[in-house]
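Hi,

Here is the structure I promised to pass on. Have a look at it first, and my notes follow below.

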Amino acid sequence: MSAPDQTPDQAPNQAEAKPERRLNMIEAINDALDISMQRDENVVVMGEDVGYFGGVFRCTAGLQEKHGKNRVFDTPISECGIIAAAVGMGAYGLRPVPEIQFADYIYPGLDQLISEAARLRYRSAAEYIAPMTVRSPFGGGIFGGQTHSQSPEAIFAHVSGLKTVIPATPYDAKGLLISAIEDNDPVIFFEPKRIYNGPFSGYYDKPVQPWKKFDQSVVPEGHYTIPLGKARLATEGEQVTILAYGTMVHVVEAVCKEKGIEADVLDLRTIVPLDIEAIEASVKKTGRCLIVHEATRTAGFGAELSALVTERCFYHLEAPVERVTGFDTPYPHSLEWAYFPGPIRIGEALDKILKD
Amino acid sequence: MADRPDPQAQAGHNAPGLSLHVPEPKFRPGDAVDFSHVDVGEPGKQPRPDETCAPETMRDFAYGLVRVLGDDNRAHGPWDPKLDPETLRTMLGHMAMTRAFDERMFRGQRQGKTSFYMKCTGEEATSVAASMALASDDMVFPSYRQQGILIQRGYPLIEMINQIYSNRGDKLKGRQLPIMYSSKEHSFFTISGNLATQTPQAVGWAMASAIKGDTRIAATWVGEGSTAEGDFHSACLFATVYNAPVILNVINNQWAISSFSGFAGAERTTFAARALGYGLAGLRVDGNDPLACYAAEQWAANRARANAGPTLIEFFTYRAEGHSTSDDPSGYRSAQEREEWPLGDPVMRLKNHLIELGEWDEERQEKMDLEAAEHVKKVTKEAEANGILGHGLHHPFRTMFEDVFEELPWHLKEQAEQAIHERETKFPGGLPNEGKGA
C-alpha cells in the first residue's frame, strides 16, 4: 500500500522507496501533533502529564523535548482550567490542543466547553473564535470501570457549535487530527483507547493483533488531512447498512465476517457535522440499518441516527432501524463483557434485521 | 488514644450539639444602618511596595485598604499616582458619561425599548480609573458591570445602544442579551452570561502573550459573588503556576443579587487575602477612590509587564443600585445602606478633589453632566432610528444560523430554510421593515 499523498518524484524508484511505515494509533496521533506543531508555530499542546513525561498513553512523547516547554507543557489537575486557558489562548490567536486525560474527566471542563468554546464565534458575531482541539481517550473494553470507560459523545453532539470526531484507524487518526487542529471551530477529538495498539474484534478472550498487521496502520510521513464531516465506507455490501464509529467499527466488521453478512459498514469518523449523504445513499441501497455504539442507549447518538434514517429513508426501509448500544447503566468493572455491545448482541440484531 | 471519643458514650454527651452557621447580613429592609464596624483605615497610610516584591510580603495589603483620597479631598501618601489635572478631568468625564449612559438605558428599559439593563452606579471608578492605567491594547476580560471600560476606550456609544436594542445596527446581530458587548477592536472580550468563565480565560490569554514573547498583558473583572465559582480557583492557580501576566480584579460590591458577600466567604476574610494562599500578589483597594483604583491597577500592570507575576486586586465598593432592571433591592436590604456607605461616591470624590486642586468647579461639573446627558440622549435617538427591540428592525432572519460554525453545515442550512419558510407563511408579503429573506 503506497502513501496516498506521495508524489512520483518523492519515490523515484522501487529500490530507493522508503519502506512502508506502519504506526499504531498512538504513534499516528503523536505524528499528527508533531507535524502540526512544525507547520504552525501557534499550535500548543497542554494537559495533565503531557509534557516531560509524554502523556499517560504516550501520545505526546518526545514533543516537549523537540518543541520546547513553551509549546508543550504540563498543567495543574484542573479540566476547567485547561479548557478555559485554551479558550483564552484561542482568543489571543493560538491554536491550542489541550488533552483531557480520560473522557470520563471532561465534565469539570463542560461549562467552558459548552458555554464558552462552543458559543464564542456565535455570541461575538465571529470577532472571537475558539480554534482548539480537545483530545481525549474514550470508550471501554479495557476493564476501566466506571471512570475510565465512558463514551460521552452524545453530550457534545447536542451542543451547537462543537464538532465531534472519532477515528477508528491509525491512518484516519493522523489525518483527522491534523484537520481538527487546522479547523477554526472547536473540535472534540475522542480517541478510542481500546484500539490504540490494535483493532478489537469484540472477542476479549482472543489475543489482540497489533496494528502493524493491518494496512490501516500504513501512515504516510508528512502532512495529509482527512476532511471532517466525511464518513468512510469500511466494508461494502448490499444486505444491510451498519453505522458505527471508533472501536465498534472493528467489532461489527468481525461479526459480519464471521456470519458471512455483506454489509455497508460506515465508519462515521465525524458525528457532528454528520455525513448524511453517505448514510442516506447506503440505507437507500440496502433498505436496512443497524446502529452500533458503546455509549448508553437512551438519548445516545444512536437515537439521532435512528431518527435521521427513519425521516429520510422511511420508504426505502424493509425493517425497523435497530440500535445496539451499551446498557443504560454506569460502566461496570467486573461485568464489563456483559455490558459491552459485543458479537452476540450485534449478531442477534443483524439476524433480526435480516429475518425477511 | 486518650483523646479519641468513647464509642460507648451517648452521641453528643458532654458536648454541645453542632449547629449550622448560615450567614445573615447586618441590615435588612427597614433597618437603621451603622457601618462603624467597617474598618476603612486612613488614606495615605499604606506604604507602596516595589512592584516586584514577593507575594508573601503583602499580607497587610491583602487585609488593609489602599486609599489615596481623604475626607479633605486631597491625595495622600505613596499611592498617589500624581496624575495631571487634564487626566483627572478626563477620568471624571468618563465616569460621568458612564453614569449618564446608565441612567438613560435604565429608563429605556422601563419604556419598553429593550428587555434588560444593568447599571454600575457607584462602581464607575473600578472600571474607568482601572482601565486608564492599562495600555489600550491590553486585553480586558470583563464581567457585565464594566461598561466604563468601553466608554474609557472610546467605543462608540451608538454601538452600545444598538447592542442593547438588538436592532439592525447591532454588531452582534441581535444574538446576545443586552449589555453582553464585544469589541475586538477595543481589546474587549465578548461578555458571557456564565459567571467567572472569563477569569481563567484571561489567564490563558496572558499565557499566550507570554508564550509569544509579546508585551501585552491581560486583565479580568469578576464580582465577589462569582469568586465562589470553581473557575475563579482555576484562574488563581493557573495564574500563579505559569506566572501569567494578568490582573485579577475582584469587584467586591457587597451584593450578589440578593446575597450579601458573606455567602461568598467575606465574613471571616477578605477577597484579596485569597491571593496569599495561591502565592499571588494581593491588594485590597478603596474601590470608590478613583486615584487608588488607578494606582493599584498601574502597580499590578507594572508587575505583570516586568514578568514579576500576576496580581489579585479586591476593589472594596458598594453596588448602589439594584442588580439589574429585573431586581428590586428593597426586598432584601436597607435603603439606608447606600447613603451610609463609608466610602462615599466615586464621582463626587473625584469632583471634589479636582475642585480642591483648583482645577474644577461646580459650574463646570453641572455643564459637564448636562452635556453628557444631552449627548447620550442624542445618540440614543440615532440608535433608535436603527430600531428598538421587537419592532422589526433587526438583522435578517438567516443570520440566526450563521457563525455557529465557520461554515454552515447541512443541518443548519435545512433549518434555516425551514425558518424562512415559516416566516413567509406567517407574513406572505414580507414585513415592511425587513429585507429579502428576512
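To start with the ring contacts in chain A: A:Arg345 lies over the face of A:Phe327, at 3.9 Å from the ring centre. Bear in mind as you read that this is a predicted model.

The charged end of A:Arg194 sits over the ring of A:Phe200, 3.6 Å from the ring's centre. A:Phe200 also belongs to an aromatic cluster, together with A:Phe143, A:Tyr204, A:Trp337 and A:Phe340.

While you're in chain A, check the peptide bond between A:Val272 and A:Pro273: it is cis, with omega at about -5°. A:Pro273 is in the loop that runs between strand S10 (270–272) and helix H9 (276–286) of chain A. I flag it because most peptide bonds are trans.

On to aromatic pairs. Searching the whole structure turns up 28 of them over all chains. One of these is formed by B:Trp255 and B:Tyr332, a tilted pair with 5.5 Å centre to centre and 45° between the planes. B:Trp255 lies in strand S4 (residues 255–256) of chain B, while B:Tyr332 is in the loop between strand S7 (311–316) and helix H10 (336–340), so the pair ties together parts that are 77 residues apart in sequence. Both partners count as buried: B:Trp255 has 5% relative accessibility, and B:Tyr332 has 7%.

Next, some backbone angles in chain B. Most residues other than glycine have a negative phi, which is why I picked out the following two.

- B:Gln254 has a positive phi, near 80°. B:Gln254 is in the loop between strand S3 (246–252) and S4 of chain B. With a relative accessible area of 13%, B:Gln254 is buried, because that is under the 20% cut-off.
- B:Lys82 also has a positive phi, near 50°. Its place is in the loop between helix H1 (59–63) and helix H2 (85–110) of chain B. B:Lys82 is exposed, at 66% relative accessible area.

Last item, the surface. Which residues make the nonpolar patch of about 360 Å²? They are B:Leu20, B:Val22 and B:Phe263. B:Phe263 comes from the loop between strand S5 (259–260) and helix H8 (274–278) of chain B, and B:Phe263 is partly exposed, with a relative accessible area of 46%.

Cheers

Conventions
Residues are numbered from 1 along each chain as its sequence is written. Chains are lettered from A and ligands numbered from 1 in the order in which they are written. This is a predicted model: local features need pLDDT of at least 70, side-chain atom pairs count only at pLDDT 80 or more; totals for chains, interfaces and linings use all residues. Side-chain values use heavy atoms; hydrogens and water are left out. Patches are made of residues with over 30% relative accessible area and no salt bridge: like charges are joined within 9 Å, nonpolar side chains (Val, Leu, Ile, Met, Phe, Trp, Tyr) within 5 Å. Accessible areas come from the Shrake-Rupley method with a 1.4 Å probe; for residues, only the protein chains shown count as cover. A salt bridge is a side-chain nitrogen of Lys or Arg within 4 Å of a carboxyl oxygen of Asp or Glu. Helices (H or I, at least four residues) and strands (E, at least two) are DSSP runs, numbered from the N terminus. Buried means under 20% relative accessible area, exposed over 50%, partly exposed in between (1.4 Å probe, protein chains only). Rings of Phe, Tyr and Trp (its six-membered ring) pair if their centres lie within 6.5 Å; planes under 30 degrees apart count as stacked, over 60 as edge-to-face and the rest as tilted. A charge sits over a ring if NZ of Lys or CZ of Arg is within 6 Å of the ring centre and within 35 degrees of the ring normal.
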